[in-house]
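Keep the model open as you read.

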Amino acid sequence: MKLSQFKFKITDEDIALEPSYHRDECRLMIVHRKSNRIDLFRTDEQGNPLTDAEGNKVYLDFRNVLDYFDEGDVFVFNDTKVFPARLYGTKERTDAKIEVFLLRELNEEMRLWDVLVEPARKIRIGNKLFFDDSGTMVAEVIDNTTSRGRTLRFLYDCPHDRFKRELFALGEAPLPHYIVDRRPATEEDMDRFQCIFAKNEGAVTAPASGLHFSRELLKRMEIRGINFAYITLHCALGNFHDIEVEDLTKHKMDSEQMFVNKEACDIVNEAKRTNHHVCAVGTSVIKATETAVSTDGMLKEYEGWTNKFIFPPYEFGLADAMICNFYHPMSTLLMSSCAFGGYDLVMQAYSLAQEHGYKFGCYGDAMLILDD
């Protein structure tokens, strides 16, 4: 497919700048990929739309996801943990304000980090950056990696655990620019931009579809007999890069580190063997499971990296249901959703989402794609 096929207009009003007050109360849209149906509203047992006191139809909310799954079904979650990757520092001598976005630690002993800097034109090899008023957290630029990429060596002499704790204390939630360009990140964002089951640190952006799950909803799912499997894919910034080619087969994704352990395989494969549903929560889970699925449709253990780029047409080998958010035009996340739900149907759902005021982005509303 072509990049231009995923182009549509989005307004500032379409984008959620704040999360729902409760994690599980955003709107939910149901897309039925075989019957080509799209559901927006709650219905009674006869299929009639429910209405409120004013006679308005009642929209589905995320808690209704429970209505579509039964005992023995499996939800696959990404348990990566976001760290406070965005820091602000000043350049020596000039005191110019510099944004530093931590990507990953390259060497613990030498305190080396792969980062992005902005404005990049002001940052050269040999420059020093200061990150606190006392001048104790200092970094030196030792290499250029890309146009905005740099390697920093932090000049901070203390045990590594203490260094990392104090470095992260200076950072803030790595919200995407479509949010922080319109409002500053807050301390609350560091909690809300984190899934409640987050465990393994390494992500610089959240697996957003997992943000909708509350402890209460997970408990209700557990009581129903739904099982949970956890994989880890450390979400990087590649999904936010502009695609610069019209022919999608020529686009190359950045690699992301991922882990699929035996426990997750056993849970998922048992559901597959007993003909139960497997629901992938988010595009990162889809990417991971499609990287680790074997030719017989079973999940296999995996430890390594993936640069898998999923776009239509694509034949999925594992999950038969998927939860996703509403994504920006021409994004790889939108393309993965269209690959799973079908291009025409998902784009129709997006049109309905804008018509009915659904919110886009990591703090926005959710879509459940079912194979029925």
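V281 sits opposite I323, a residue of β16. The strands β14 and β16 (residues 321–325) run parallel and are joined by three bridges; two strands count as paired if DSSP finds at least two bridges between them. Helices (H or I, at least four residues) and strands (E, at least two) are DSSP runs, numbered from the N terminus. A word on the source: this is a predicted model, where local features need pLDDT of at least 70 and side-chain atom pairs count only at pLDDT 80 or more, while totals for chains, interfaces and linings use all residues. Residues are numbered from 1 along each chain as its sequence is written, and side-chain values use heavy atoms, with hydrogens and water left out.

Now zoom out to the sheet. It is open, has nine strands with mixed pairing, and reads β2-β1-β17-β16-β14-β3-β12-β13-β15. At its edges lie β2 (37–39) and β15 (302–306), each pairing on one side only. From one strand to the next, the twist averages 20 degrees. Helix α5 packs on this sheet, touching β3, β12, β13 and β14, and its direction makes about 135 degrees with that of β12. Axes here are lines fitted to C-alpha atoms, for helices over the stretch in contact, and angles run from 0 to 180 degrees between N-to-C directions.

What does α5 turn towards its neighbours? A264, C265, V268, N269 and A271 are buried in α5, where buried means under 20% relative accessible area and exposed over 50%, with partly exposed in between (1.4 Å probe, protein chains only). Seen down the axis, the buried residues of α5 fall within an arc of 155 degrees, so they line one face of the helix; the arc is that of the directions from the helix axis to the C-beta atoms. They pack against β3 (74–78), β12 (227–233), β13 (256–260) and β14 (278–281), with contact meaning heavy atoms within 4.5 Å. On the face turned away from that buried side, you'll find the exposed residues E263 and R273.

Helix α1 (residues 160–169) is worth a look too. Its buried residues include H160, F163, L167 and F168. Those residues cover an arc of only 125 degrees around the axis, which puts them on the same side of α1. D161, R165 and A169 are exposed on the other side of α1. Among the elements covering the buried residues of α1 are β5 (86–91), β6 (97–107) and β7 (112–118).
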